[in-house]
Amino acid sequence: MINLLIHLILLLLMPPLLLGIINKTKALFAGRKGPPVLQVYYDLIKLAQRDVVISDVTTWIFTAAPIITLVGVVMASLLVPLGSFSAPVSFTGDLILFAYLLSIGRFFTTMAALDTGCALEGMGAAREVTFSCLSEPALFFAFLVLAKMSGTLMLGDLLHAPLIAGTQSTAASMVLLAIGLFILLLAENSRIPVDDPNTHLELTMIHEVMVLDHSGPLLGIVLYGAAIKLFLFSAILLHILFPFQTGSAPLDWALFIVEMLFVAVCVGVVESIMARLQMRHVPYLLIAAILFCSFGFVLLVR
Amino acid sequence: MNPLLNALLVVVLVLNLFALGTSRLVTVIKIVSLQGVLLGLMPLLLEEDIAMPVILTSTVTLALKGIVIPVMMLRAMRDVQIKREMEPLIGFLPSMLLGALATGLALLFAKALPLADEHTTQLLVPAALATIFVGFILLTTRAKAITQIMGYLVLENGIYIFGMLLIGVMPMVIELGVLLDLFVAIFVICIMVNHINQAFSSLDTRKLSELKE
């Protein structure tokens, strides 16, 4: 019960902190002081107090999309276990539901972008959908490896497979899986090298360009949903990177939080030392992610 | 057997694919040098009792493959002022997929080989075969002389991984002799690269076949 409560609290309150840590890391690399770590919380509060401006040409989809996306992401994160604790909701085959809860969010975001009738947003939507064609197989290959290891189709048990199997026999495929999932994390959350969250040139953006017309609380919801998605993918990656548990619940939670911040710092470092890829090279990166995850599978069944 | 060894070999395989996928020469050189460092660590993981010869092999490999040769290559690159491989015979994405296919086939092939029992769970043989093949791809499909040297180095890395199978019984002299040969070969090639550049003001090896009376 108490673990469920902590799960929910972390899930709802921690994600903006990760964005803050990433921005702080990037600022330190650039020799700047950077915004405070809690800046994203302030932004969200500020956005919540603003008025909404809605274009005349849009329909209900435009208003509903951010909310549906947020709900989808939150529901998806109820299926994912955090650290060594079990997930709040778990049933056989829920990994399919997980993938498609994320997809429904993506579907409505792209719909809302098309709904505005803005050419640039349409371009962003086209890119988002194109790249997701490649990132989804990578995710499923990763799940396939874990399903093979654990022999179950429940996301909760499946993600704990590295914890149970230990590092001895499967180290090789876990290395591949970790690389693949990290690329996936960067791609799904529109980070450098796939997309630049800070860019202001509409021609080169992916995720940011789709939400150009959203304002006020709706923009806040989009931002918050994106932060939760980052939290979600980091939580999945942590199962592969650090399959450890200490045995006592408070220590495990502390360990989880520290690992989470570590992933955020890693993302910040990657963003600082890499340039954004050319748009036509992004599919190569995603194909590489698919290859890594599928080789993980080959090594496992070999 | 040490589970870390398989993890290292997988990283080597991943680096192979990255080497095939990038057009920047600096990146290829860095990748091959990282591969050299990983190969240098392998003898330490393979042997249970770490004796003097093992440490020596490891350090010499680390120093040569990880530091000396890459530095020489970077110098050669700076002298001839080339940054990118422009027109490979097979594109970067296709060659990456080809490399991935080769790795998959190497895994299947190694399974069919009658190996000693202690080698069946390790990835040494498939990793060696895949690395050799990736070296071949780099060597044959790239036009610039520097990338071809990198292909040669990757090829040699593959042979080195194969040699790891015999590290217990092979005299260290042979191992060091091979490394010395490699060093000399790279040295000579670097000088040649400079001469090719001076004579043709380009490093495109296809121009060499245009020599006619």
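The buried residues of helix 2 of chain A are Pro15(A), Pro16(A), Leu17(A), Leu18(A), Leu19(A), Gly20(A), Ile21(A), Ile22(A), Asn23(A), Lys24(A) and Thr25(A). Buried means that 20 or more other C-beta atoms lie within 10 Å of a residue's own, exposed means 12 or fewer, and partly exposed lies in between, with C-beta atoms placed from the backbone. Helices are DSSP runs (H or I, at least four residues), numbered from the N terminus.

The model is predicted: local features need pLDDT of at least 70, side-chain atom pairs count only at pLDDT 80 or more, and totals for chains, interfaces and linings use all residues. Residues are numbered from 1 along each chain as its sequence is written, while chains are lettered from A and ligands numbered from 1 in the order in which they are written.

**Helix 2 of chain A**

Helix 2 covers residues 15-29. It is mostly covered, with 11 of its 15 residues buried. Those buried residues pack against helix 3 (39-49), helix 11 (216-241) and helix 12 (249-273) of chain A. The length of helix 2 can be checked too. At 1.5 Å a residue, its 15 residues should span 21 Å, and the end C-alpha atoms are 22 Å apart, which agrees. The expected span is 1.5 Å times one less than the number of residues. Just after helix 2, Gly31(A) takes a positive phi of about 80°.

Val267(A) sits in helix 12 of chain A. Is Val267(A) buried or exposed? Val267(A) is buried, because 25 other C-beta atoms lie within 10 Å. Leaving out residues up to four places away in sequence, Val267(A) touches Ile22(A) and Arg191(A). Touching, or contact, means that two C-beta atoms, placed from the backbone, lie within 7 Å. Ile22(A) is one of the buried residues of helix 2. Val267(A) and Pro81(A) are 186 residues apart in sequence, and their C-alpha atoms are 21 Å apart in space.

Lys46(A) lies in helix 3 of chain A. Lys46(A) counts as exposed, because it has 11 C-beta neighbours inside 10 Å. Its C-alpha atom is separated by 27 Å from that of Val263(A), 217 residues apart along the chain.

**A loop in chain A**

Ser190(A) is in the loop between helix 9 and helix 10 of chain A. Ser190(A) has a positive phi of about 50°, although it is not a glycine. With 21 C-beta neighbours inside 10 Å, Ser190(A) counts as buried. Pro193(A) is also found between helix 9 (171-188) and helix 10 (207-210). A cis peptide bond joins Ile192(A) and Pro193(A), with omega at about 10°.

**Helix pairs**

Axes are lines fitted to C-alpha atoms, for helices over the stretch in contact, and angles run from 0 to 180 degrees between N-to-C directions.

| Helix pair | Axis distance | Angle |
|---|---|---|
| Helix 6 and helix 13 of chain A | within 9 Å | roughly 15° |
| Helix 5 and helix 6 of chain A | within 9 Å | roughly 175° |
| Helix 1 and helix 4 of chain B | 8 Å | about 155° |

Angles under 35 degrees count as roughly parallel, over 145 as roughly antiparallel, 65 to 115 as roughly perpendicular and the rest as oblique. Helix 6 and helix 13 of chain A are therefore roughly parallel to each other. Helix 6 passes helix 13 in a left-handed crossing. Left-handed means that the near helix is turned anticlockwise from the far one by less than a right angle, and right-handed means clockwise. By class, the contact of helix 6 with helix 13 has 19 nonpolar, 3 polar and 1 charged residues. Ala, Val, Leu, Ile, Met, Phe, Trp, Tyr, Cys and Pro count as nonpolar, Asp, Glu, Lys and Arg as charged, and the others, Gly among them, as polar.

Helix 1 and helix 4 of chain B are roughly antiparallel to each other. Their crossing is right-handed. In helix 1 of chain B, Leu13(B), Asn16(B), Leu17(B), Leu20(B) and Gly21(B) meet Phe92(B), Ser95(B), Met96(B), Gly99(B), Ala100(B) and Thr103(B) in helix 4 of chain B. This contact has 6 nonpolar, 5 polar and no charged residues.

**Where the chains meet**

The contact takes 17 residues from chain B and 15 residues from chain A. On the chain B side, helix 1 (3-21) and helix 4 (92-112) each supply at least two residues. Helix 1 of chain B gives the largest share, 10 residues. The chain B side divides into 12 nonpolar, 4 polar and 1 charged.
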